[in-house]
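Biologist: Can you walk me through this model? I'm new to this, so please keep it plain.

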Amino acid sequence: MFTPETQQAVVLLIIFGMMTALFKDWAKPVLIFLAANIIFLILGITSSSEMLSGLSNEQLLSILLLLVISDVLRKSGLLDVFFKSLFPHDLSYRNFLLRKSVVVTAISGVVNNTPLVAILMPYVYEWCRHKGISPSKVMLPLSYTTLLGGTLTLVGTSTNLVVNGFVTEAGFPPLKFFDFTLPGIGVALIGVGYIVFIMPRFLPDRKGLLENYNQCLREYIVETYIAENSPLVDKTIEQAGLRNLKGLYLAEIIRGEELLPAVGPTEKLKEGDILIFAGETATIVDLLQLNPGLSLPGSIMKEGKEKANVVECIISAQSALIGKTFRESNFRALFDASVVAVSRNGERLRGKLGDLVLQQGDLLLLMTGHDFDDRSNASNDLFVINRLKDITNFSPMKSALLGVGIAAAFILSAFGMFTLFKGLLLIMCLIALLNFGRYNELKASLDLDLFFVLALALGFAKAMHNSGLDATIAALIKESALELDHPVALLFIVYLATNVLSMLVSNKAGVAIMFPVTVSLLKLMAISEPAPYFLAIAFAGSAEFMTPYGYQTNLMVYGPGGYRFRDYLRAGWVLSLMCMLVSVSILASVYRLW
């Protein structure tokens, strides 16, 4: 229907449109990739089978299984038990960074980095609060160390598996489990050294969203009400025992449409009265437990759930809840949690909690149900920073069996006994046998948006190849590479181009654009060993240190750490440069490209 030149122009235009949409955040990435693929399909640039081929790609399906396994591992309590002893309060700041960096880097070589950061954040916050150190001094290093650890093995990060999916789809031999390890160790060592000894001077000492966290107790507003048949009906404030509460006071009463501020001790309580308290976290929890006459509006405990956790969360900078009230967001149904109290940087909050417009950085005290962890982890709306009363119900024996089973499956697949996909399926069978989680809980841990983005990225690469755009771009790059006249120069070009594209849009989009171009370059320059170039794409796609948007873990710490965009540039540009030099140098040495 189109000439080759026209097809290439169309594909190039769509690439720029996709990059702009991703950069401007006009829609979810999955919708942007889908729209691009539909245009390719309608214009005849790709076929329906090419567009959908990624849905059956083993490497991409492995990512889905890894997400489920990582979530089960998090819930099993294995990592929690370990991390509780990892950060004693007597550690100095430098020793804390060193211990955290080494351990987290090692673990993230086999555990997905997103749930790992989610597990660690409460422990890191607890250590910061005890030591009086700003979260901005530790949260970004936490994200960076998981990215470094992800380069150690094939399963360390989804980016590695995505690249391997492209490799197998293009007909090349798949990358092996430990192909990443030697250059990954070099990157990890230089990265940890930078994070511990150099990076602290580039990190802001900013309280950010938790300003005055240690200097003063957070003052919450909590809404309770007098239910029907409550023993407090017709009692005065004093008779009800609601005067002179330690660390807590009754701020106001809402009675119908009437607001009663600064109520006196002789004011009688009526059925349906809404009582607004302000005070300390622990005192509020004790009040609700010890006073049977007070109820929480819409409490999850009314549904007969026997157990619930009291959790402190923070509204992230990317939360869809910002600008909405609890009622508008249908918060309770969305997260299986009742809002007990809200704190906003010491600001006195007034009125009903249901009508409170949420802001970035609001601290929430929640009474959570059984599904809270699954629902909160499925979004970037909330981050748990403290569990005041944590109820665990895992069996240590079952958790230990799970850990041994996961380690055995990874080791056997790493040494070629069976493929990674088969190993992950065996782990899923073990999870089912040990009864770790109900079907709905396991299903909720699947990130289908991520999977479809990756699958559609394969179709995107097909469009570049079918139109010949990859060959055209490769020919242009070849001229520069020939002038430099060295395979290592090409390795640097592939790495740098992938890294820049990943920073501008996302690592998945950057990899999707550069892979077909790299394949064409290898053919044009008659390079027989493609593995180092494919590995360079993977390492470059993971080295997202300079923006909060390049990788999900960077976004996770953005709000809670009180960071600004420039903080990533200041702290990340040296690390990005070091990782490029080290990874390319080691790859060139291992594959004898010098």
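This is a predicted model: local features need pLDDT of at least 70, side-chain atom pairs count only at pLDDT 80 or more; totals for chains, interfaces and linings use all residues.

Biologist: Where is A320 placed?
Modeller: A320 sits in the loop between strand 6 (309-315) and helix 12. Helices (H or I, at least four residues) and strands (E, at least two) are DSSP runs, numbered from the N terminus.

Biologist: What separates the C-alpha atoms of A320 and Q360?
Modeller: A distance of 9.9 Å. A320 and Q360 are 40 residues apart along the chain.

Biologist: What is the mean pLDDT of the protein chain?
Modeller: The mean is 78, and 80% of the residues reach 70 or more. pLDDT is the predictor's confidence in each residue, from 0 to 100.

Biologist: Which elements have the lowest and the highest mean pLDDT?
Modeller: Helix 11 (residues 281-290) has the lowest, at 61. Helix 10 (residues 181-197) has the highest, at 95.

Biologist: And where is pLDDT below 50?
Modeller: Residues 300-308 are one such stretch. In the model, this stretch has 22 contacts beyond near neighbours in sequence. Contact means heavy atoms within 4.5 Å. Over residues 389-393 pLDDT also stays under 50, and the model has eight contacts there beyond four places in sequence.

Biologist: Let's zoom out. How many helices and strands are in the protein chain?
Modeller: It has 24 helices and nine strands. Of its 594 residues, 56% count as buried.

Biologist: What does the accessible surface come to?
Modeller: About 25000 Å², and 60% of that belongs to carbon and sulfur atoms. Accessible areas come from the Shrake-Rupley method with a 1.4 Å probe; for residues, only the protein chains shown count as cover.

Biologist: Which residues make the nonpolar surface patch?
Modeller: F178, I411, L412, F415 and M417 make a patch of about 550 Å². Patches are made of residues with over 30% relative accessible area and no salt bridge: like charges are joined within 9 Å, nonpolar side chains (Val, Leu, Ile, Met, Phe, Trp, Tyr) within 5 Å. A salt bridge is a side-chain nitrogen of Lys or Arg within 4 Å of a carboxyl oxygen of Asp or Glu.

Biologist: Where is L412?
Modeller: L412 is in helix 15 (residues 396-414). Its relative accessibility is 35%, so L412 counts as partly exposed.

Biologist: New topic. What does T146 touch?
Modeller: Leaving out residues up to four places away in sequence, T146 touches V104, S108, N113, L116, V117 and T553. T146 belongs to helix 8 (residues 139-149). With a relative accessible area of 0%, T146 is buried.

Biologist: Which residue has a positive phi of about 55 degrees although it is not a glycine?
Modeller: N330 does. N330 lies in the loop between helix 12 (326-329) and helix 13 (331-335). A526, also not a glycine, has a positive phi near 55 degrees. A526 is in the loop between helix 21 (507-524) and helix 22 (531-542).

Biologist: Last one. How many aromatic pairs are there?
Modeller: The count is nine. Rings of Phe, Tyr and Trp (its six-membered ring) pair if their centres lie within 6.5 Å; planes under 30 degrees apart count as stacked, over 60 as edge-to-face and the rest as tilted. F180 and F539 form a tilted pair, with 6.2 Å centre to centre and 35 degrees between the planes.

Biologist: Why does that pair tie together parts 359 residues apart in sequence?
Modeller: Because F180 lies in the loop between helix 9 (158-169) and helix 10, while F539 lies in helix 22. F180 is buried at 0% relative accessibility, and F539 is buried at 4%.

How values were computed:
Residues are numbered from 1 along each chain as its sequence is written. Side-chain values use heavy atoms; hydrogens and water are left out. Buried means under 20% relative accessible area, exposed over 50%, partly exposed in between (1.4 Å probe, protein chains only).
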